[in-house]
Amino acid sequence: IYPYIGIGIGWAWSSLDQVKTVSPANPQTQTNIAGSADNFAYQAIIGAAIPIASVPGLSITGEFRYFATLDMEHSVT
């Protein structure tokens with residue numbers, strides 16, 4: 001078993017196109033979210049790999065990845 005960890009930084013972009021939500025308290029009220037935004041992003045990874053002896057270079061892996069960005073702002077009406 002080969003454990004591994006990793007970190008990363010970068011830039012993330014998100015796009016929302018006519019996302020609509022309805023208030024459970026008042027179904028006549030509707031919120032529309034649209035637009036795109038980008039911002040600084042970062043991640044952390046931890047995992048383990050188990051080599052497959054019969055296939056050199058191939059491993060079974062399992063990992064946990066945490067990905068986040070700084071606050072992104074979208075247009076809400």
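The legends below describe views of a predicted model of one protein.

Figure 1. The protein has four strands and zero helices. Read from the N terminus, its elements follow the order β-β-β-β. The radius of gyration is 20 Å, well over the 11 Å that the globule rule gives for 77 residues, so the protein is more spread out than a compact globule. The C-alpha trace spans about 60 × 25 × 20 Å along its principal axes.

**Figure 2. Strands β1 and β2 pair side by side.** Strand β1 covers residues 2-22, and strand β2 covers residues 30-51. The two run antiparallel and are joined by 19 bridges. One place to look is W11, which stands opposite F40 in β2. In a regular strand, side chains alternate between the two faces of the sheet.

**Figure 3. Strand β2 also pairs with β3.** Strand β3 takes in residues 59-69 and runs antiparallel to β2, with eleven bridges between them. At P51, the bridge partner in β3 is S59.

**Figure 4. Strand β4 is joined to β2 as well.** Strand β4 consists of residues 75-76. Two bridges connect β4 with β2, and these strands are antiparallel. Here A34 stands opposite S75 in β4.

Figure 5. Is N39 buried or exposed? N39 has a relative accessible area of 17%; residues under 20% count as buried, so N39 is buried. The side chain of N39 reaches the backbone oxygen of D71 at 2.8 Å.

**Figure 6. The contacts of N39 come from other parts of the sequence.** Which residues is N39 in contact with, leaving aside its neighbours within four places in sequence? They are G10, W11, A12, L70, D71 and M72. Among them, W11 is also the residue that stands opposite F40 in β2.

**Figure 7. The surface and the contacts of the whole protein are summarised here.** Of the 77 residues, 10% count as buried, and N39 is one of the buried residues. The protein exposes about 6100 Å², and carbon and sulfur atoms supply 61% of that area. Among contacts in the protein with a separation of 6 or more, 62% are between residues 24 or more positions apart.

Terms used. Residues are numbered from 1 along each chain as its sequence is written. This is a predicted model: local features need pLDDT of at least 70, side-chain atom pairs count only at pLDDT 80 or more; totals for chains, interfaces and linings use all residues. Side-chain values use heavy atoms; hydrogens and water are left out. Buried means under 20% relative accessible area, exposed over 50%, partly exposed in between (1.4 Å probe, protein chains only). A polar contact is a pair of N or O atoms within 3.5 Å; within protein, one must be able to donate a hydrogen and the other to accept it, and residues adjacent in sequence count only if both atoms are side-chain atoms. Contact means heavy atoms within 4.5 Å. Two strands pair if DSSP finds at least two bridges between them. The radius of gyration is taken over C-alpha atoms; the globule rule is 2.2 Å times the number of residues to the power 0.38. Accessible areas come from the Shrake-Rupley method with a 1.4 Å probe; for residues, only the protein chains shown count as cover.
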